[in-house]
Amino acid sequence: MSDAVDVQSWVCPLPLRNSPNVVMGHGGGGAMSAELIEHLFLPAFGPAADAAMGDSAVLEVAGVRLAFSTDSYVVKPIVFPGGTIGDLAVNGTVNDLAMAGAQPMVLSTAFILEEGTALDELALVAQAIGTAALAAGVRLVTGDTKVVDAGHGDGVYVNTAGIGIVDARADIRPQRAAVGDVVIASGDIGVHGVAVMSCRDGLEFGTTVTSDTAALNGLVAAMIDTGVDVHALRDPTRGGVAATLNEIAKTAGVGIAVDERLLPIPAEVRDACGLLGLDPLYVANEGKLIAFVPSDGAERVLAAMREHPLGARSVVIGSCVAEHPGIVVARTGLGGNRVVDLPIGEQLPRIC
Amino acid sequence: MCLAVPGRILRVEDRDGTLMSVVDFGGVQKEVCLQYVPDADVGEYVVVHVGFAIQRLDEESAMRTLAEFEHLGVLAEEFGDGFEIAARQAGVTS
Amino acid sequence: MKYLDEFSDPDLAAKLIAEIKAITTRRWAIMEVCGGQTHSIIRHGIDQLLPEQIEMIHGPGCPVCVTPLEIIDKALDIAARPGVVFCSFGDMLRVPGSDEDLFGIKSRGGDVRVVYSPLDALTIAKANPDKQVVFFGIGFETTAPANAMTVFQAKRQGVENFSLLVSHVLVPPAVAAIMESPVCRVQAFLAAGHVCSVMGTDEYPPLCERYRVPIVVTGFEPLDILEGIRRTVAQLESGRHELENAYTRAVCAEGNPAAKRMLADVFEVTDRAWRGIGTIPSSGWRLSPAYRDYDAEHRFSVTGIHTEESKVCRSGEVLQGLIKPHECEAFGGQCTPRNPLGATMVSSEGACAAYYLYRRLEVTSV
C-alpha cells in the first residue's frame, strides 16, 4: 500500500533538510536520525509499523513480557582502546534489553564482511563477542554471514538482535519519567567517544582513556531488586547524555534540569573535548546508563548502584521538573543557564 | 576563530626541517608544530591552535591575573556600599 | 587543564560579576568580536548574569558565518570532483552553500574529510600522490599562520598534489566597517584574544582614536570574558577610549614575529566579501604570487557558479548587531539549526543559533 514516500508534502513543522540523499548526520543519533525515522521510515512502513519505535520493543507473548531489540555496529576503527566492535555488538544489544528491565536470553549475530579483511582481525572480533556474551550471561543462538566487495563496508559490520524476559516487577518505559524524578548517571561520561576518537584518522591524540563498554544487565537487576519502582532507563550511546535526556524529556513531556557541577566528567575526557572543541554531554558512552527514579526511592537505588562494580561512581545529576516540558536545561558552573539541545548530526571538532 | 588551548611541551624534535613537539594537555597528548615559537623549551607552556603553537603562555602573568581577581571586592568590603563609587572615581581601584 | 580550569572558577566569577554590577550606571552596548567568545558567553550563561544594562552584541568574528557564499560554492564544486580529497575543519561541513553543504557532497560520493590541523591535509596529500588534495583554508588571523606554514611546507617539499582554497578575513577592517555603519550601536569592543596572540595589538589604538571606542583584548574562559567586560565598562563609565590588554598571559603588544613574517611571505591583502555584510576593502588575505601555484582557485578553474542567498535570510543585519535574531521573520520557523537558511544559524556560536537555543526558553534560574 505504500507508494513512494512524498517528500514534498510531509506535514511537519521541521521538514527534513533539502537533501535527497542520506547523509552522515542521519546516523548520528540526534535530531536528523529521529527525523529520518519519523518522516521517512514510519510513513513508508505504513500501518504495519508500531508508532512508538524505541530502542527495544516489549511484547506480551503467552502471558510473558519479552523485550526484543536490534542494533547494528559500524564503528571505525574496529579495534580501539578498551575494546572492539565485537564487545559493542554484544553489550549494546544486551543493554537495550536491560533498559527495558529485561534479562537477556539470546542473541543473533549477523556479519557483513568486506572482502580482503584479515581473518586474524575477524577472529579477534569473534572472540570478543564470545567473551562479552559469557560475561553478560546471554547465549549466541543464530547468525548470518555475508561478504561484500572490497571497497565497501569498512572491514566488519555487525548486527545483533536480542530477546530477553522483562522482570515481572519492572515497568520501565521512557514515558514513565515524571516530574519530581531524580536523574542518576551510573558513572563517568564521555569515555567511549573519546577513546574511539583518539585513534580516528586525522584526529589522533594520545590519551589513557579506554572505552567503557560493558553489559549493564547485572546493574539493572540490582536496581530492580531494591523494590523501587524505577521509571525509566536509557543508555546514552550516540549523541551522548544530551541525546538521552532530550529523548526522555520529549517522550515523557517533562522538563529536565541538570547541574553541570554534578556531571561526572573525568579530567582526561574534559581535556580531550577541550582540545577538539567538543561538549562531553554529546560524546558517546557504552557502559553507562541514565536512570529516572521517583524521589522517595532514589537513595536506595543509588546505594544499590554504588555497590555494583559498574555503578560504583553513580551520581545524581539532576531532576525532572514541571517547567519547560520537553526541554533540558543545565545550570552552568557560573550559575547561568543553558539549554542542552538535541544534537543535530555528528559532533564535529571545531576551530572556533 | 579562536579555539586555542594551553599545553606543556613534553619533547621537541626536528621533522623534515620543521620543529615539531609533543604537547601535553592535562593528560591528552598531541603533536604540535613549534616553528612559530622556536625557543620554547621542554616544560614550558604554549597556546595551541589547530596543531600549531601560536604563542607562549606567560605563566607569571596568569598567576598575577588570578591574584588580581582574588583581590577584587576587597575594596568594596573596606569602604562599604555608599563609598564604592566615590572610591572608584577617585581612582583608588585594585 | 592547567591555565584553563582556574579561569572558570565560579567564586572569582561571582566577584567579577559583582564588580561589574557595582560600576555600571548606564546602558552600554559592547560587541565581542570573536565567535569563540560568543560561544563561551552562551555556553556559560554569562550574559544572563551581567547587569541588564549591559547588552552584548555578537560580532562577525565567526569565520563560518562570514566565509563568502561564492567561496563555499567553489568549495562544493571542487569537493564534488572525482580524484579530489577535500579536507576541512569540522566547522565548515554544515555551512549551506547556494544548494547544499559539504555533507551533501560527501553523501554523493565526494571524498570529504575532517581534519584537526591543515598539516594533516598535507600528510594525506603525501600519502595519496594520485589524488588532488585541497584544504579549505578559512579563518581569521589566528588560523592563518597554520595555513601559511602548511602551504610553505608543501612548496618546500614539492608536494604538487596539494592546494589551498583560501578565504582569510581580518579583524581590524571589520571593526572599522562596523563603526562606519550609520546605524551602528556598538560603543566598545572586546578584541579577539588569539588573533592578537598572533598579530599583537598595534592595529587597535588607531581604531580607538578614530571611532572613540574602548577596545579591550579579551580571552575566552569565563573569567577572561568577565574581566574584559569589566575593564570595558570601567572605560565607558569614565569616558575613556583606549586599547587595553586583559589577556596578558597569551598576548603581548608585538604578537608573534615569526608568524607575522610567514604571513607576510605567504599571503597578501585583498578585498574580501563577508557573507551577510558585503565587501570590506583590504579585509582579507589571499595567497601571494610566489604561492599562486598552490592556490586551489587557480588550479581548479571553477566556473558557472551561481550564488544565491536565501532571500529571507537576514544574517548580515544580525552580524552587524542591527537586529536581534528573533526579530527576523524566518527565525525559529523556516530557519532553525537543523534547517539553516544562513550561516549564523549553522555555526554553533552564530548569534542566531545561540538565540535559538537559549531564547526559546526564558529561564532566569534553575
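**Group meeting: three chains and how they touch**

In chain C, C:Met31 stands opposite C:Ile57, a residue of strand 2 of chain C. I start with that pair as a way into the sheet. Keep in mind that this is a predicted model.

Strand 1 of chain C, residues 28-34, runs parallel to strand 2 of chain C, and six bridges join the two. In general, strands of a sheet pair through backbone hydrogen bonds, and the pairing can be parallel or antiparallel. Here the sheet is open, has five strands in the order 2-1-7-8-9 in chain C, and its pairing is parallel. Which strands are at the edges? Those are strand 2 (54-61) and strand 9 (243-245) of chain C, each of which pairs on one side only. On average, neighbouring strands of this sheet are turned by 25° against each other, direction ignored.

Next, a helix on that sheet. Helix 2 of chain C lies across strand 1, strand 2, strand 7 (188-192) and strand 8 (215-218) of chain C. Relative to strand 1 of chain C, helix 2 of chain C runs at about 120°.

Helix 2 of chain C also brings us to chain A. The contact between these chains involves 49 residues of chain C and 34 residues of chain A. Several elements of chain C supply at least two residues each to the side that touches chain A, among them helix 1 (10-23), helix 2 (35-44), strand 4 (111-114) and helix 17 (351-359). Which one gives the largest share? Helix 2 of chain C does, with six residues. By class, the side of chain C that touches chain A has 23 nonpolar, 16 polar and 10 charged residues.

Now the contact of chain C with chain B. It takes 45 residues from chain C and 35 residues from chain B. Helix 1, helix 2, helix 7 (118-127) and helix 8 (144-156) of chain C are among the elements that each supply at least two residues to the side touching chain B. On this side, the largest share comes from helix 1 of chain C, with seven residues. The residues on this side of chain C divide into 26 nonpolar, 14 polar and five charged.

Helix 7 and helix 8 of chain C also pack on each other, at an angle of about 25° and with their axes 8 Å apart. Helix 7 of chain C and helix 8 of chain C are therefore roughly parallel to each other. Their crossing is right-handed. Helix 7 of chain C brings C:Pro118, C:Leu119, C:Ala121 and C:Leu122 to the contact, while the residues from helix 8 of chain C include C:Ala146 and C:Thr150. This contact has six nonpolar, three polar and no charged residues.

Chain A has a helix pair to show as well. Helix 2 (residues 85-98) and helix 3 (residues 119-136) of chain A pack at about 30°, with their axes 7 Å apart. That angle is why helix 2 of chain A counts as roughly parallel to helix 3 of chain A. Helix 2 of chain A passes helix 3 of chain A in a right-handed crossing. By class, their contact has 11 nonpolar, two polar and one charged residues.

Last, chain B itself. Chain B has three helices and five strands, and along the sequence the pattern is β-β-β-β-β-α-α-α. Of its 94 residues, 38% count as buried. Among contacts in chain B between residues at least 6 apart in sequence, 26% join residues at least 24 apart.

Conventions:
Residues numbered from 1 in each chain as written. Chains lettered and ligands numbered in written order. Predicted model: local features only at pLDDT ≥ 70, side-chain atom pairs only at ≥ 80, totals over all residues. Axes fitted to C-alpha atoms, helices over the stretch in contact; angles between N-to-C directions. Helix = DSSP H or I, 4+ residues; strand = E, 2+ residues; numbered from the N terminus. Parallel < 35°, antiparallel > 145°, perpendicular 65-115°, else oblique. Left-handed = near helix turned anticlockwise from the far one by under 90°. Nonpolar A, V, L, I, M, F, W, Y, C, P; charged D, E, K, R; others polar. Contact = placed C-beta atoms within 7 Å. Buried ≥ 20, exposed ≤ 12 C-beta atoms within 10 Å, placed from the backbone. Pairing = 2+ DSSP bridges.
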